[in-house]
Amino acid sequence: AAFWMQWKQELNSGSDPVNEAAQQYIKQALPSVNRGGGSRQKQHSDQESAQEASDSILMAAVKGLTNLSFPVVAANSRAVAAEEGRAGEEPLQTAEVTADGQTPKDKTSAEIKEESTAGGEKEETEAETAAETAESEAQVPVKDSVKKPAVLIYHTHATESYQPVSVGNFHSVDKEGTVRQVGDVLAQRLEELGYRVIHDETVHDNPSYNQSYSRSLETAKNYLSQYPDLALVIDLHRDAAGYAGGVGKTVSVEGKNAATYGYVIGQGNPNVAQLTQTVNDLNRVAKELYPDFTGRIIEKAYKFNQYISDHHVLIEVGNNENTIEQSKLTGRYLADVIAAYLKERGV
């Protein structure tokens, strides 16, 4: 390119550009060599040795000057990269320059640059998009992992069992056929309805039945210390057939026979008014959902640990003459009642 600019300048200055250009062409493109002694040695020719070159070579070179084109190395080629210490990063790319000093119209230098960088820019864009997507997904909170428990279910008398599990006068250490299975159904249904539940299956009534309430009190207080905002605390029991006339009583719900149930309210608690209100609200919601599916209220002159929460309910599901299947069905419908009650409270 520098050679052509010099040639144009001399043309404009009125000198003989053809002759001078030819001489420079011969000096740069056809250096003289000495092959004597069987070795090659580069010689620096001066202007006089250049003039002694063959006229035919000179004229041929001059005649071909107007048709010559020289490769121009692209800015991001290996040549430039080598000068900057980054050789080998990019493939060599060239663009022809015509005699008038312009790049061909079908591919400008900007287009050459765009082609050389398009692939890298695309990879960067795709990488940025993937990173942004991953970041946005990471910011989406997982509801179940942050939701606090709303309901606690525990059993002061965890060994109470139903038909056909009659061992130990209807008290079984094994879970099968006991009130703990009713608690499982109640908890699972509440979870399906969107409420997180703690179901504690600790056997508090074995080996000592008389100390059941003192041990269950410790369990319930422990959970309340961790989760003081529990919306409902349930001590789930089974009644005894003797209190129901020696038979298992059922109620029809959606055409199915479910065990009856009741609420025991300890009149010795200082918060008895609040406890009674909770039970009345549950019965009202139950009647709205399933007619006749309400729990009888049993008042006794004890505390039953209910003073630890204004929303503590002692529920007795069925008796020892009811089957486990009837009692589990009651647990399922009770969950619907409790969920509607909690929703009414804004929980």
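Which residue forms a salt bridge with K175? The partner is E201, and the closest N and O atoms of the two are 3.1 Å apart. Keep in mind as you look around that this is a predicted model. The protein has 347 residues, 37% of them buried, and its chain forms 12 helices and 12 strands. Here is a short tour, topic by topic.

**How confident is the prediction?**

- The mean pLDDT of the protein is 75, and 58% of the residues reach 70 or more.
- One stretch to treat with care is residues 60–119, where pLDDT stays under 50 and the model has 53 contacts beyond four places in sequence.
- Residues 136–146 also stay under 50 in pLDDT, and for this stretch the model has 0 contacts beyond four places in sequence.

**The overall picture**

- Take the contacts between residues at least 6 apart in sequence: 71% of them join residues at least 24 apart.
- The protein exposes about 20500 Å², with 50% of that area supplied by carbon and sulfur atoms.

**The nonpolar cores**

- The largest nonpolar core has 41 residues, and those touching the most other members are V151, L186, I234, L236, F293 and I315.
- Several helices and strands supply at least two residues each to this core, including β5 (151–154), α9 (179–192), β7 (232–237) and α11 (272–289).
- Helix α12 gives the largest share of this core, with 10 residues.
- A second, separate core of 10 residues includes L152, L217, Y223 and L230.

**Helix α12 and its end**

- Helix α12 covers residues 324–344, which is 21 residues, and reaches 30 Å from its first C-alpha to its last, close to the 30 Å expected at 1.5 Å a residue.
- Just after α12 comes G346, with a positive phi of about 85 degrees.

**Salt bridges**

- The count of salt bridges comes to 10.
- Back to the opening pair: E201 forms its salt bridge with K175.
- This pair links distant parts of the chain, 26 residues apart, with E201 in the loop between β6 (197–199) and α10 and K175 in the loop between α8 (167–170) and α9.
- E201 is partly exposed, with a relative accessible area of 32%, and K175 is partly exposed too, at 30%.
- Another salt bridge brings together the side chains of R189 and D336, at 2.8 Å from N to O.
- Because R189 lies in helix α9 and D336 in helix α12, this pair ties together parts that are 147 residues apart in sequence.
- D336 counts as buried because its relative accessibility is 9%, under the 20% cut-off.
- D336 also forms a salt bridge with R332, where the closest N and O atoms are 2.5 Å apart.
- Both R332 and D336 lie in helix α12, 4 residues apart, about one turn of the helix.
- An α-helix has 3.6 residues a turn, so residues three or four places apart point the same way.
- R332 is partly exposed, with a relative accessible area of 29%.
- Salt bridges that share partners join R189, E192, R332 and D336 into one network.

**A closer look at T219**

- T219 sits in helix α10 (residues 212–226).
- At 15% relative accessibility, T219 counts as buried.
- Setting aside neighbours within four places in sequence, T219 is in contact with D200 and H204.
- The C-alpha atoms of T219 and Y154 are separated by 8.3 Å, although these residues are 65 apart along the chain.

How values were computed
Residues numbered from 1 in each chain as written. Predicted model: local features only at pLDDT ≥ 70, side-chain atom pairs only at ≥ 80, totals over all residues. Heavy atoms only, no water. Buried < 20%, exposed > 50% of the residue type's maximum accessible area, 1.4 Å probe, protein only. Contact = heavy atoms within 4.5 Å. Areas by Shrake-Rupley, 256 points an atom, 1.4 Å probe, with all protein chains shown as cover. pLDDT = per-residue confidence, 0-100. Expected span 1.5 Å × (residues − 1). Core = buried A, V, L, I, M, F, W, Y, C linked by side-chain atoms within 4.5 Å. Salt bridge = Lys/Arg side-chain N within 4 Å of Asp/Glu carboxyl O.
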